[in-house]
Amino acid sequence: HIARWDGSAWYALGEGVNDAVHAIAVSGNDVYVGGDFTMAGGLTVNQIARWDGSAWHALGEGVGGNVSAIVVSGSDVYVGGDFTTAGGLPANRIARWDGSAWNALGEGVNEAVETIEVHGSDVFVGGHFTVAGGLPASRIARWDGNTWNALGDANSLDGSVHALAASGDQIYVGGGFTAAGEVLANHIARWDGSAWYALGEGVNDAVHAIAVSGNDVYVGGDFTMAG
């Protein structure tokens, strides 16, 4: 369920993992892998594991359900999915691994997380949820290190979020929605820290991936028309 391509040939990562992989994040020599699996290289790992280039390692007791997103920021590894425990402790759909222990992000969110983007000291989280930290937050929210915050109107997005990407002060958001705040935004929108903006006419079906390079924003998903 996982492999490495070096430019000319494929390589296994040891014995790999025993079920589907949904998320990968690379930090230095470490490769963090998340998904539906419970074993990596013969070790019990519970949906999240680290490959150091030669061997697999567990992240403590792992998490209690599917992992859909992983982001590394410094020594912190943020993990999102459909779990309600991390390291045996309550952690609703998102948690932080600090290198030795799991930490909850407040009360977390009330439904599955699909995507995470770390921007400075802020952690942006998207998915299917409608509540973050006990407060209304429609499919997207920001964790500032202490509390959860909605992006604009708490009911700003009318459908799920599948992808996030940051560029400068801009956060690009993709998913199944057709409106962001008061703006018609077909499956893709931009948040500048205070307001929502459409990207032209958007696309005609769900967005699942976004990548930013300079002034260009690349978007992939189920759509067959853009603009």
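Q: Which residue does the side chain of Asp 122 meet in a salt bridge?
A: In this predicted model, Asp 122 lies in strand β16 (residues 122–127) and its partner in strand β19 (residues 140–143), 20 residues apart. The N to O distance in this salt bridge is 3.1 Å, within the 4 Å cut-off. The partner is Arg 142.

Q: Is Asp 122 buried or exposed?
A: Buried means under 20% relative accessible area. The relative accessibility of Asp 122 is 18%, so Asp 122 counts as buried.

Q: Which strand holds the residue that forms a salt bridge with Asp 76?
A: Asp 76 forms a salt bridge with Arg 96, and the closest N and O atoms are 2.9 Å apart. Asp 76 itself lies in strand β10 (residues 76–81), and the pair ties together parts that are 20 residues apart in sequence. Arg 96 lies in strand β13 (residues 94–97).

Q: What is the relative accessible area of Arg 96?
A: Asp 76, at 17% relative accessibility, counts as buried. Arg 96 is partly exposed, and its relative accessible area is 22%.

Q: Where does Arg 93 lie?
A: The side chain of Arg 93 meets that of Asp 82 in a salt bridge (3.9 Å, N to O). Asp 82 lies in the loop between β10 and β11 (85–86), and the pair ties together parts that are 11 residues apart in sequence. Arg 93 lies in the loop between β12 (89–90) and β13.

Q: How many salt bridges does the count come to?
A: The rule takes a side-chain nitrogen of Lys or Arg within 4 Å of a carboxyl oxygen of Asp or Glu. Among the pairs is Asp 82 with Arg 93, at 3.9 Å. The count comes to 4 salt bridges.

Note on methods:
Residues are numbered from 1 along each chain as its sequence is written. This is a predicted model: local features need pLDDT of at least 70, side-chain atom pairs count only at pLDDT 80 or more; totals for chains, interfaces and linings use all residues. Side-chain values use heavy atoms; hydrogens and water are left out. Helices (H or I, at least four residues) and strands (E, at least two) are DSSP runs, numbered from the N terminus. Buried means under 20% relative accessible area, exposed over 50%, partly exposed in between (1.4 Å probe, protein chains only).
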